[in-house]
Number of protein chains: 2
Amino acid sequence: MDGTDHIGRGTLHDELVDRLRDMIVEGDLAPGSKVNEQSLCERFAVSRTPLREALRSLAGEGLVVLRPRRGAAIAEVTRQDLEEAFPILGALEALAGELACQKITDAEIDRARALQARLVAHHRAEDLQGYSATNAEIHRLIMSVANNPTLARMLKSLDGRVRRARYLVNMSGARWAAAVAEHEEILAALEDRDSARLGAVLKLHIANKLASLCEQLEI
Amino acid sequence: MDGTDHIGRGTLHDELVDRLRDMIVEGDLAPGSKVNEQSLCERFAVSRTPLREALRSLAGEGLVVLRPRRGAAIAEVTRQDLEEAFPILGALEALAGELACQKITDAEIDRARALQARLVAHHRAEDLQGYSATNAEIHRLIMSVANNPTLARMLKSLDGRVRRARYLVNMSGARWAAAVAEHEEILAALEDRDSARLGAVLKLHIANKLASLCEQLEI
DNA sequence: AATCTAAATTCTGTATACAGAATACGTTGT
DNA sequence: ACAACGTATTCTGTATACAGAATTTAGATT
């Protein structure tokens, strides 16, 4: 141990991108704060070259803002950003759902049912942690059935920006119950392989999330 | 003049991204070909640092593939890529259309009408160049009315990847006529501020583009 | 005290240097 | 002739060096 957060596997660039993204999403690097290249270099025991490349990558994901000749800053989470991102998230999730409907197998529907059961159980037990994990797994299942890596990549990038906001607030009880109900509908649409309905439900699901989030953030 | 393609304005990185993107989209850098950092550095009279940062940015846009320890290559234009990208493009353009419907002013509808008239005129005159320019302007108008910069950025990045394919083939006469007809419908939906219809038409418009493209590319 | 200006410091953008991995090449043995 | 191996070369990833822009600090002026 030498006090620094030394980095090992793969290329420094890739490792840095992952680490920094986590730090940003989890609020470790505060929105709006200026990035001091040198102190981050010391923190990770790394030179400026890979760090700067990592900042560029994160700028591509919208987590970092780069102003020429005046350095990098952590992107703010503004209401405007969220209002821009959520409809896109809705449209893309809806697309994923529609694609998934066309391709889903009976076995995968069974798996979706099992996940939904777990989701309900977590809600009953008021286990938010478990709920979130299962929720993420359901969305991952849909993405993997949709089988569109490009779509998956874009969703992941958008999701990073939004997760940051979700990290700040917990769901209200009412919102949680509603979310579970929406997930029942999502499952039903999947079982019927009803693209249009699934798309609509997912869009609504996301829109509701935004509303609840903005309310809680008071922005 | 010193034989090199020397670079001036702004930061080298930004300039390089723009130049390289154009070169890739226009086929100047062949899909699948390995990128030789050194020769590109000489070409632009630039050191490796900004060039490598530019390659990273383009990798984020999906135009370049970066394999650790074995360098960069220009991304291929595969049928699979196109089939992944087009539904996303469709969903996003549809979203842009729906947003635009909710916000468009009478003056902007007039402008759309004028552009549509020019589109038809270009088609009559068989002026593909002019047609393409006007076509792009219509899509830009919709994007600007939709007023969602995040969406605009994502569409631009996706569009770069697709434009490359379009660059390779010209529209067939039949497809061209159909495209003009679809644009009539787009205008009509805009005039009625009918979100659902505009979304549907745009989705179809994009889907047809893909079909025609794949057919012509024989992939 | 407040404002303006100028020197000093910090920070960014770019170039260059260097070590180790990947690749190309030639040699040897069969 | 061909395969396997070892060497030489090229190329990538990272560190460091340096010039000029931006920012801060200190001092001068009103």
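The model is predicted: local features need pLDDT of at least 70, side-chain atom pairs count only at pLDDT 80 or more, and totals for chains, interfaces and linings use all residues. Residues are numbered from 1 along each chain as its sequence is written, while chains are lettered from A and ligands numbered from 1 in the order in which they are written.

**Domains of chain A**

- Chain A splits into domain 1 (12-74) and domain 2 (79-217), with bounds that come from an automatic or database domain assignment.
- Taken over C-alpha atoms, the centres of domain 1 of chain A and domain 2 of chain A are separated by 29 Å.
- Eight residues from domain 1 of chain A and six residues from domain 2 of chain A make up the contact; two residues are in contact if their C-beta atoms, placed from the backbone, lie within 7 Å.
- On the side of domain 1 of chain A that touches domain 2 of chain A, helix H1 (residues 12-25) of chain A gives the most, with three residues. Helices (H or I, at least four residues) and strands (E, at least two) are DSSP runs, numbered from the N terminus.
- That side of domain 1 of chain A holds three nonpolar, two polar and three charged residues. Here Ala, Val, Leu, Ile, Met, Phe, Trp, Tyr, Cys and Pro count as nonpolar, Asp, Glu, Lys and Arg as charged, and the others, Gly among them, as polar.

**Where the chains meet**

- In the contact between the chains, 20 residues of chain A meet 20 residues of chain B.
- On the side of chain A that touches chain B, the elements giving two or more residues are H3, helix H4 (79-103) and helix H7 (149-168) of chain A.
- H4(A) supplies the largest share of that side, seven residues.
- By class, the side of chain A that touches chain B has ten nonpolar, six polar and four charged residues.
- The copies meet through the same surface, because 100% of the interface residues of chain A are also interface residues in chain B.

- Elements giving two or more residues to the surface near DNA strand D are H1 and helix H3 (48-61) of chain A, along with helix H2 (37-44) and helix H3 (48-61) of chain B.
- H3(A) gives the largest share of the surface near DNA strand D, three residues.
- DNA strand C is also surrounded by 19 residues, and the closest are Glu37(A), Gly71(A), Leu12(B), Ser47(B) and Thr49(B).
- For the surface near DNA strand C, the largest share, three residues, comes from H3(B).
- Four nonpolar, eight polar and seven charged residues form the surface near DNA strand C.

**Helix H9 of chain B**

- The 23 residues of helix H9 (residues 195-217) of chain B should span 33 Å at 1.5 Å a residue, and the end C-alpha atoms are 33 Å apart, which agrees. The expected span is 1.5 Å times one less than the number of residues.
- Buried residues of H9(B) include Leu198(B), Val201(B), Leu202(B) and Ile206(B). A residue is buried if 20 or more other C-beta atoms lie within 10 Å of its own, exposed if 12 or fewer, and partly exposed in between, with C-beta atoms placed from the backbone.
- These buried residues of H9(B) pack against helix H4 (79-103), helix H7 (149-168) and helix H8 (173-191) of chain B.

**Residues to look at in chain B**

- Ser57(B) sits in helix H3 of chain B and is buried, because 21 other C-beta atoms lie within 10 Å.
- Setting aside neighbours within four places in sequence, Ser57(B) is in contact with Arg56(A), Gly60(A) and Val17(B).
- Ala45(B), in the loop between H2 and H3 of chain B, has a positive phi of about 55° although it is not a glycine.
- Arg69(B) lies in the loop between strand E1 (64-66) and strand E2 (72-74) of chain B and is exposed, with 6 other C-beta atoms within 10 Å.

Notes: A residue is near a molecule or strand if its C-beta atom, placed from the backbone, lies within 6 Å of it.
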